[in-house]
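Biologist: I am new to this structure. Could you walk me through it?

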Amino acid sequence: MSRPLRALIDLAALRHNYQCACDLFPQSRAIAVLKANAYGHDALRCAKALEGQAPAFAVASIEEALALRAGGIQQPIVLLEGFFEADELPEIARQGFWTALHSQWQVDALLNADLPAPVHAWLKFDSGMHRLGFSAKEFMSNWRALAASGKAMDMHLITHFATADLVDHRYRDIQLEHIAALRAQLESEGFQVPCCLANSPATLTLQGAGTWHRPGVMLYGADPLEQANPYSQTLRPVMTLESELIAVREVAAGEPVGYGGRFVAPRATRIGVVACGYGDGYDRHAREGTPLLVGGKRAPLAGRVSMDMMTVDISHLEDAHVGSRVTLWGRAPDGAELSVSEVANWCDTINYTLLTGVTPRVPRIFST
Ligand SMILES: Cc1ncc(COP(=O)(O)O)c(C=O)c1O
């Protein structure tokens, strides 16, 4: 018998969600974002599952891209942060990776490199996020220089939205205006400027725009939007984090439970102990009352999350017993659902951090 905690990964749901991302933007092609180990879901298994559907993948670094190549993935792979050292360039050219260029030293390194083949260059425009990328003026001079150099091929404009997940779209629309103005200028000089704009929230809220879009979190069935929206019903959760009760305790009224005694039993209370803790990636900031599903029924977290365990009030669940299935998020066997977004709200965080935070000691079990 091994520890009962596991992350069930539903690859059919991943393919379904990828298809949703395609259907929302039929005139654009969807790059499946697989960085951070596919948001905790296992990048290679997810890439293999999407091999027949996705024309390209995206990751953060050459290390993540090489791991996919080593696993047999043949598709183009976009390096969203480009290269971190100029000496990665020959490998990028050999592997046919598509690299973002966000800083002047990267553009200069490419212009000065002696490479076996031109490199697919995705020049990053800072349209308003102010994280990575070039101003409009810098962008245009780099675009012209790269186009003339013979070192770059298949050039694209890539940019990122700062507020696409919010209800208020005014800032996103300002970014769109900056993008349109930049493209118009370059197109007036005779350049084609294909672009890649939308992450998941922009895929859901922006009707059109871009040769490519690059959804990440929505592929894993997690809702990226701040406001209630119809898409969250369409997406299917890919990860179910589940475990079991490993002990059941009767705690007298007034007795504390767990570290710091944060929870004090308000009455005689039945407490279930769940094999899952922050050492598995469950957020220690989970507030009192954070929901879990015990045998498919909601039950509130009672006390602090510890490294390997947490405690849940099961006083109202007469059937709950040692060995009862506990769903931390995802889908319980009886079909009851607890979204990772809801759990994230209780932890004052976002679904992205919970998914990417599931630690390697949690076995991933795949269904196709
Ligand atoms: C540059 C870039 N593009 C796309 C994505 C995917 O975003 P999302 O997971 O919101 O779809 C990310 C994620 O952080 C990113 O940094």
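Modeller: Ala, Val, Leu, Ile, Met, Phe, Trp, Tyr, Cys and Pro count as nonpolar, Asp, Glu, Lys and Arg as charged, and the others, Gly among them, as polar. By these classes, six nonpolar, four polar and four charged residues form the shell around the ligand. This is a predicted model, in which local features need pLDDT of at least 70, side-chain atom pairs count only at pLDDT 80 or more, and totals for chains, interfaces and linings use all residues. Residues are numbered from 1 along each chain as its sequence is written, and side-chain values use heavy atoms, with hydrogens and water left out.

Biologist: Which residues come nearest to the ligand?

Modeller: Of the 14 residues around the ligand, these are Tyr 39, Ser 200, Arg 214, Gly 216 and Tyr 352; a residue is near if one of its heavy atoms lies within 4 Å.

Biologist: How far is the side chain of Arg 214 from a nitrogen atom of the ligand?

Modeller: An N or O atom in the Arg 214 side chain is 2.7 Å from that nitrogen atom. A polar contact is a pair of N or O atoms within 3.5 Å.

Biologist: Changing topic, is Phe 83 buried or exposed?

Modeller: Phe 83 is buried, with a relative accessible area of 1%, whereas Trp 105 is partly exposed at 39%. Buried means under 20% relative accessible area, exposed over 50%, and partly exposed in between (1.4 Å probe, protein chains only).

Biologist: What about Trp 122 and Trp 212?

Modeller: Trp 122 is buried at 0%, and Trp 212 is buried at 4%.

Definitions and conventions:
Polar contact = N/O pair within 3.5 Å; in protein donor to acceptor, adjacent residues only side chain to side chain.
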